[in-house]
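Take a look at the model below.

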Amino acid sequence: MNDHPGAVSLSFRSDNVATVAPEIMRALGAANHGLAASYGDDQYSALLNRKFSDLFESEVTVFPVSTGTAANALSLATCARPYGAVYCHEEAHIHNAEGGATEAFSGGAKLIALAGANGKLEPPTLAAALRQAERGVRNRPQPDAVSITQASEYGTVYTLEQVAAIGSSALDAGMRFHMDGARFANALATLGCSASEMTWRSGVDILSFGATKNGAMGAEAIVVFNRELV
């Protein structure tokens, strides 16, 4: 849903409480035959990269993972140094509901949680926080990445203009831009735009692409747009 005055916080059940869509279960059964190469050298991995590249209208590299926490933590560990800072909303899943996974996988990067109406990180708030960052001071976390959730924990959706504004701030600050897309498909349907418009065309470097919330079986993906992060 889009923002509106007096928006009410919504409660989402976790993706691991629901059953698998029957169409996906049948597809898994159909694919479960014969032998295949390991470690991404099989035909399905190659097909996955092609399908995602078609969807995003650009060559991307995809890393399948089993959970959204893994997708977020590995993505942000790629973007942030152990002494770096990741800016996010104070209600972000990476901050409140993933057991410190980002900090653990990054080796110590600090999450900087910022306030924002309706569960969304606001571009002016981010810009102000970045102006206050003490770059080059050895005992201060150094700004490395910004992460937004699309759609947010409140069910609200960032407009393309808001995503692009955050992406511009990240680029100007020399930071990476991560999108937690646990509800990516829902946000895409709400905005009625293309997948590319909501991601790399708006400055997103790396995406946690959610599928389990849409009926898949323990299936998430890290989609890398910025080749330097592969």
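## The largest pocket

Four elements each supply at least two residues of the lining of the largest pocket: helix 1 (22-31), helix 2, strand 1 and strand 7. Helix 2 gives the most, with 6 residues. Keep in mind that this is a predicted model.

The volume of the largest pocket is about 840 Å³. Its lining counts 22 residues, and the closest to the pocket's centre are Leu28, Tyr44, Leu48, Pro64 and Ala219. What classes make up the lining of the largest pocket? There are 16 nonpolar, 3 polar and 3 charged residues.

## The cavity

How is empty space found in a protein? A probe the size of a water molecule is rolled over the atoms, and this shows where space is left.

The structure has 1 cavity of 30 Å³ or more. The largest cavity holds about 40 Å³ of space. Which residues line the largest cavity? They are His89, Glu91, Ala92, Gly119, Ile148, Thr149, Ser152, Glu153 and Tyr158. By class, this lining has 3 nonpolar, 4 polar and 2 charged residues.

Met25, Leu28 and Met217 make a nonpolar patch of about 280 Å².

Where does methionine 217 lie? Its place is the loop between strand 6 (206-210) and strand 7 (220-224). Methionine 217 has a relative accessible area of 48%, so it counts as partly exposed. The cut-off for exposed is over 50%.

## Backbone details in the loops

Start with the peptide bond from glutamine 150 to alanine 151. This bond is cis, with omega near -5°. Alanine 151 sits in the loop between strand 4 (142-149) and helix 7 (160-172).

Next, look at phi. Glutamate 57 is not a glycine, yet its phi is positive, at about 55°. This residue is in the loop between helix 2 (43-56) and strand 1 (61-65). Is glutamate 57 buried, partly exposed or exposed? It is partly exposed, because its relative accessible area is 45%.

Asparagine 118 is not a glycine either, and its phi is positive too, at about 60°. Find asparagine 118 in the loop between strand 3 (110-114) and helix 6 (123-132).

Terms used
Residues numbered from 1 in each chain as written. Predicted model: local features only at pLDDT ≥ 70, side-chain atom pairs only at ≥ 80, totals over all residues. Heavy atoms only, no water. 1 Å grid on protein atoms, 1.4 Å probe; cavity = no way out; pocket = protein on both sides within 12 Å on 5 of 7 lines; lining within 4 Å. Points joined across faces, edges and corners; volume = space filled by probe spheres on them. Nonpolar A, V, L, I, M, F, W, Y, C, P; charged D, E, K, R; others polar. Patch = residues over 30% accessible without salt bridge, like charges linked within 9 Å, V, L, I, M, F, W, Y side chains within 5 Å. Areas by Shrake-Rupley, 256 points an atom, 1.4 Å probe, with all protein chains shown as cover. Salt bridge = Lys/Arg side-chain N within 4 Å of Asp/Glu carboxyl O. Buried < 20%, exposed > 50% of the residue type's maximum accessible area, 1.4 Å probe, protein only.
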